Amino acid sequence: MIPYGRQWLDEDDIRAVNEVLRSSFLTQGTKVQEFENALCQISGAKHAIAVSNGTVALYLACRVIGVGKDDIGITSAISFSASANCIVLNGATPEFIDISENDLNIDCLSLEKRLENKDLPAPKIVIPVDFAGIPANLPYIYELSKKHGFKVIEDAAHSIGSTYYFHDKWHNCGSCSHTDLAIFSFHPVKTITTGEGGAVLTNDDALANKLRVLSNHGIERDKDNFIRKDFGNWYYELQDVCFNFRITDMQCALGISQLKKLNTFKKKRQKIYKKYLKAFAGYEKKGLLKMTRYDENITDPCPHLFVIRLAEKSPVSRDELYKKLLKYDISAQVHYFPIHLQPYYMEKHGFKEGMFPVAEHYAKNCLSLPLYPLMNDEDVQAVIKAVSEIMEG
Ligand SMILES: Cc1ncc(COP(=O)(O)O)c(C=O)c1O
């Protein structure tokens, strides 16, 4: 079976994890800091706080900003549910914005229209998602945040290694050049993996300190500032309460080793993406399907997903294509069912079908084809052949 995504581990990765297994510290050792330093280096962000997964990274990012009961948080209608759950889990009210047809990211004009509506309260945060690895328009959203007084958390779960061009400079996703905070996920289908894992990134020293405390129960060990330092190094204080969101040293050793291959992974992902674009261009020209193209002058993405959108004229529906591909031993995937149409969001927050038409239409017709660096040319050609045979009946 060719899955839609999977990790690539080599002997270096296995050796790195083995070394930790033979060492004294399985957790709270030196590998965590080493991994965080490597994340700062590849993203350009000043601080990285590695945590147990991308979902808690989003939760912490909202919490550290102080998102709470009377606040509103806005995200894209098409993303993994964690992009919105983090708003709800902090007690705030979620709102969604429709996606753009072009890049499937949050539609900036709709966002701006929502922000300009004087009848609606201003949000505390906006969470743009770099969907499929294509950067959202972060500089534009950051400008809006200055005007309307909200904070920006980039959900970069799909976009480690992606860059965008702005004001004569290339910026990395996760760099926080145009956001207050960003998060990564290191789930095995993502570009680099730690099994489970995530990170919060920021350029703000105070936010970084708070994130470290919150990711570790709320424990403060600021030896220089405590009045009871005469007690000794064991002393700590709780100024806040939170969960244990720590990542282990085994995971971080894997992450350090994986990050060394980020550029190779990116090149392989781009190559497969371009092969699909070329192979299916004829169907696109005939109006049977749509693909997401990107402008190389303004972005150099590390593609996470390759999504096709079946058009009305397509000889097969999305669900038919999905089932037929399984017969070729190809397991495609849907990214995503719109978050606002999940039962929880409809029942508890009153969202209804028809509220975000572009997202809803997209979600009925999208399918992610296999895309991961371990795919060899034979695998890619097998996917192209299967899709072609199905499209041609
Ligand atoms: C866009 C997006 N945000 C957040 C997450 C959450 O990451 P994790 O699975 O590491 O909790 C995911 C994971 O699938 C995701 O795709």
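## A walk from strand to pocket

Start by selecting Y164, which stands opposite H171 in β7. Before going on, note that this is a predicted model in which local features need pLDDT of at least 70 and side-chain atom pairs count only at pLDDT 80 or more, while totals for chains, interfaces and linings use all residues. Residues are numbered from 1 along each chain as its sequence is written, and side-chain values use heavy atoms, with hydrogens and water left out.

**The sheet.** Now show β6 (residues 163–166) with β7: the two pair in the antiparallel sense over 4 bridges. Strands here are DSSP runs (E, at least two residues) and helices are runs of H or I with at least four, numbered from the N terminus; two strands pair if DSSP finds at least two bridges between them.

**The ligand.** Next, select the ligand and the 16 residues that surround it; G54, T55, D155, S185 and K190 are the closest.

- a backbone N or O atom of G54 to a ligand oxygen, 2.8 Å
- a side-chain N or O atom of H158 to a ligand oxygen, 2.9 Å
- a side-chain N or O atom of K190 to a ligand oxygen, 2.8 Å

**The second largest pocket.** On a 1 Å grid over the protein atoms alone, a pocket is an open set of points with protein on both sides within 12 Å along at least five of seven lines, a cavity is a set where a 1.4 Å probe fits but cannot get out, and lining residues have an atom within 4 Å of a point. The volume is about 370 Å³. Color domain 1 (11–259) and domain 2 (262–391): both give residues to the lining of the second largest pocket, so it lies between them.

**The largest pocket.** Move on to the largest pocket, about 600 Å³ in volume. Select E36, R212, V213, S215 and N216, the closest to its centre among 21 lining residues.

**The cavity.** Finish at the largest cavity, about 40 Å³. Its lining consists of D103, L104, F131, A132, I134, Y273, T292, L305 and V307.

Notes:
Points joined across faces, edges and corners; volume = space filled by probe spheres on them. Near = heavy atom within 4 Å. Polar contact = N/O pair within 3.5 Å; in protein donor to acceptor, adjacent residues only side chain to side chain. Domains from an automatic or database assignment.
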